[in-house]
Amino acid sequence: MTLNPSRIQFFEKLAPYYDLLLDFLTLGGYATFLRKAITILSPKQGEKILDLCSGTGRAVSWIADGVGSEGKVIGMDLSKNMIEVARHRYGKSRNSIFLLQDVTQSWGYQNYFDGILNSFSLHELPEKYRRNVLEQSYLALKERGRLVIADFNPQVSGWARLLSLLFFKLFEKRNLNFFDFHQNETLNRIGFKRTKTVSVLGGVLQITLAYKHSIHLG
Ligand SMILES: C[S@@+](CC[C@H](N)C(=O)[O-])C[C@H]1O[C@@H](n2cnc3c(N)ncnc32)[C@H](O)[C@@H]1O
């Protein structure tokens, strides 16, 4: 088990109310941000997409609309209740599957996915596993595959950095080391190409798109 037990308990308890609460607290901004990340991921008919740390499965359900009945979306999460909520809400959809999986352990996919989404979860992972999960993502993608990371911006500067650090000190103390994580440098070292980042909320949040290959392969 790689997630702190109190953090697991937090997600287990929050699962049924997670989307509602986050949408309420952010006045709908959370859902808008996720939608934007999915627009950037741009799922196409027939594609296979993985949502890492998929929570309640809401993003999976939106991606499933994009890939259609010929496509497939897999959501993975460590929390039993998150997976239960996701299966209950979206499990009837033929193109969506939810797996109880600690993503820091091997998932066993190679050259399989057209796209991978990682939303608000990279910062949740213990420091030593962040690079490993990105490496696994690289291997799991097809040659023309792409990765989208929608999360806090670890390299944020100025007032936005102060705001982010305050938020983490209050609510996510254990994950403060995320601000030492050189995300885009790590992506490039792993082999990802054409990395592009869109800043959101004055740089507090960001959406990063990276491709496995350096050129469009047709
Ligand atoms: C902040 S929530 C984000 C959920 C969803 N991706 C979203 O954007 O709404 C983080 C999720 O990551 C999951 N998680 C944390 N560590 C994990 C791990 N090692 N393996 C799988 N899931 C994990 C938690 O259970 C939780 O559902």
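## Contacts across the chain

Let's begin with how this protein folds back on itself. Residues 24 or more positions apart account for 70% of the contacts with a separation of 6 or more, where a contact means that the C-beta atoms of two residues, placed from the backbone, lie within 7 Å. This is a predicted model, in which local features need pLDDT of at least 70, side-chain atom pairs count only at pLDDT 80 or more, and totals for chains, interfaces and linings use all residues. Residues are numbered from 1 along each chain as its sequence is written.

## Overall build

The protein has 8 helices and 7 strands; these are DSSP runs numbered from the N terminus, with H or I over at least four residues for helices and E over at least two for strands. Its radius of gyration is 16 Å, close to the 17 Å that the globule rule gives for 218 residues, so the protein is as compact as a globular protein of that length. Here the radius is taken over C-alpha atoms, and the rule is 2.2 Å times the number of residues to the power 0.38. The C-alpha trace spans about 45 × 40 × 35 Å along its principal axes.

Of the 218 residues, 39% count as buried. Buried means that 20 or more other C-beta atoms lie within 10 Å of a residue's own, exposed means 12 or fewer, and partly exposed is in between, with C-beta atoms placed from the backbone. In soluble globular proteins, nonpolar side chains tend to be buried together.

The largest nonpolar core holds 49 residues, and Ala37, Ile63, Ile116, Leu117 and Val148 touch the most other members. Such a core is a set of buried Ala, Val, Leu, Ile, Met, Phe, Trp, Tyr and Cys residues joined through C-beta atoms within 7 Å. Leaving aside residues up to four places away in sequence, Ile63 touches Ile38, Pro43, Ile49, Asp51, Val73 and Leu117.

## Around the ligand

Among the 20 residues around the ligand, Cys53, Gly55, Leu78, Ser79 and Ser119 come nearest; a residue is near if its C-beta atom, placed from the backbone, lies within 6 Å.

Cys53 sits in the loop between β1 (48-52) and α4 (58-67). Cys53 is buried because 24 C-beta neighbours lie inside 10 Å, and its phi is near 55 degrees, a positive value in a residue other than glycine.

## Two other residues

Leu201 also has a positive phi, about 55 degrees, and belongs to the loop between β6 (193-200) and β7 (205-211). With 16 other C-beta atoms within 10 Å, Leu201 is partly exposed.

Ser6, in helix α1 (residues 5-14), has 8 C-beta neighbours inside 10 Å and so counts as exposed.
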